[in-house]
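Subject: Structure for you, with notes

Hello,

Here is the structure I promised to pass on. Please open it first, then read the notes below.

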Amino acid sequence: MSAGIIDFFVLTGFLGSGKTSLLRDVLTAETASDTAVIVNEAGEVGLDGVLLRESGDDVPMAMLSNGCVCCQVGSDLAFTIDRLIMAPRPDGLPPLRRIILETSGLSMPGPVLRQLATLAEHRMRVAVVATYDLTRGLDVATFEEAAAQWAAAHRIVATKADLAPRALVDAPLAIAQLNPVAEAIADADRAAVVPAAFAPLTASLPLREVASDLTAAHPRLALCLVRPRGEIAYADLASWLDNVAGRLGERLLRIKGLVKVHEAQRPLLVESVGTVFSPPRQLTADKPPAPFIVVIARDIVRNELEQVEPSGLFAFSWREPEREAAKGGIRAEWVT
């Protein structure tokens, strides 16, 4: 049973992107003794769990093999997590401090996080870690599952560096083009990558100025930099966010940013994965960046976002996609 805050990591990434290999490295580390693992596979036979058991014999492990966890309304995920937290710890092991859920390569993080709402009593610190396969790069972004995984991530980890050393050099920029508010972990030293990927989130999530020269467009992903025109009322901000979620629905992949509201002394951190919003909180870090919101969505046109009420609160920065990227007939907008 846990005696403190538990870090819950949703390890996501497209099919064959190196999730299981990354998790095996976690389980072979000396720090794995405070960790439990949940493996979700879309098939009825869980091969990943067998492979992981070879690496972490002493690590509590649960298998969810009744289908993709993000698609199962009656999923056993919440029950499994609660059981892992409440179960007595094996003799000689420290209290449970970390749970890692390896999702299937077709899972979207939003519905997974929605299932965690029933576990609020455990006060888990939740983070999404996504893999970025250097050997395939942006090629898999045509799949909406991959796009949703990257957009939801707090951290994006470059994998298969040994197979694509040249791509590793450009990985931070490529990751910033996918999700400029995610922490990019790209290092040839695997021993450095693993602890960085699964380190607890800091009390103040890292934020940085969003570059205004992201030039790589993708035909299905839309990325917009939204700048508040000044301080706004919290009620107006809440209404705008709610209306964005309502208008875009499942096409909304990620919202993250800082907004100064009349009612708070410090900027508010606003964040969503899909349409699931975290409670806004005041940022405690010194010297925060200028207020901004990044909206990442798929298959939208700019007026869908610009016409959201209340109007006049924000300025929007977009970039038209490259003509080659738009051959599929889907318009996309990118921040300039």
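Which residues point one way from β1, and which the other way? D7, F9 and L11 point one way, F8, V10 and T12 point the other way, and all are buried. Buried means under 20% relative accessible area, exposed means over 50%, and partly exposed is in between (1.4 Å probe, protein chains only). In a regular strand the side chains alternate between the two faces of the sheet.

Before the rest, two points on how to read this. This is a predicted model, so local features need pLDDT of at least 70 and side-chain atom pairs count only at pLDDT 80 or more, while totals for chains, interfaces and linings use all residues. Residues are numbered from 1 along each chain as its sequence is written, and side-chain values use heavy atoms, with hydrogens and water left out.

**Overall**

The protein chain has 9 helices and 14 strands. Helices (H or I, at least four residues) and strands (E, at least two) are DSSP runs, numbered from the N terminus. Of its 336 residues, 51% count as buried. Take the contacts between residues at least 6 apart in sequence: 77% of them join residues at least 24 apart. Contact here means heavy atoms within 4.5 Å.

**Strand β1 and its partners**

Two strands pair if DSSP finds at least two bridges between them. D7 has R98 as its bridge partner in β4. β1 also runs parallel to β5, joined by 6 bridges. There, T12 has A130 as its bridge partner.

**An aromatic pair**

The whole structure holds 4 aromatic pairs. One of them is Y132 with W150: the ring centres are 5.7 Å apart and the planes stand at 50°, so the pair is tilted. The rule: rings of Phe, Tyr and Trp (its six-membered ring) pair if their centres lie within 6.5 Å; planes under 30 degrees apart count as stacked, over 60 as edge-to-face, and the rest as tilted. This pair links distant parts of the chain, with Y132 in strand β5 and W150 in helix α5, 18 residues apart. Both Y132 and W150 are buried.

**Cavities**

There are 2 cavities of 30 Å³ or more. On a 1 Å grid over the protein atoms alone, a cavity is a set of points where a 1.4 Å probe fits but cannot get out. A pocket is an open set with protein on both sides within 12 Å along at least five of seven lines. Lining residues have an atom within 4 Å of a point. Grid points are joined across faces, edges and corners, and a volume is the space filled by probe spheres set on the points.

The largest cavity holds about 60 Å³. Its lining includes F14, S17, T131, D133 and W150. β5 (125-133) and α5 (144-152) each supply at least two lining residues. α5 gives the largest share, 3 residues. By class, the lining has 4 nonpolar, 4 polar and 2 charged residues. Ala, Val, Leu, Ile, Met, Phe, Trp, Tyr, Cys and Pro count as nonpolar, Asp, Glu, Lys and Arg as charged, and the others, Gly among them, as polar.

**The second largest pocket**

This pocket has a volume of about 310 Å³. It is lined by 17 residues, and M108, G110, P111, R114 and E250 lie nearest its centre. α4, α5 and β9 (252-259) each give two or more residues to the lining. α4 gives the most, with 4 residues. The lining divides into 9 nonpolar, 4 polar and 4 charged residues.

**Backbone points to check**

Most residues other than glycine have a negative phi, and most peptide bonds are trans.

- P310 lies in the loop between α9 (302-306) and β14 (314-317).
- R123 is exposed, with a relative accessible area of 59%.
- K160 is partly exposed, with a relative accessible area of 25%.

Best wishes
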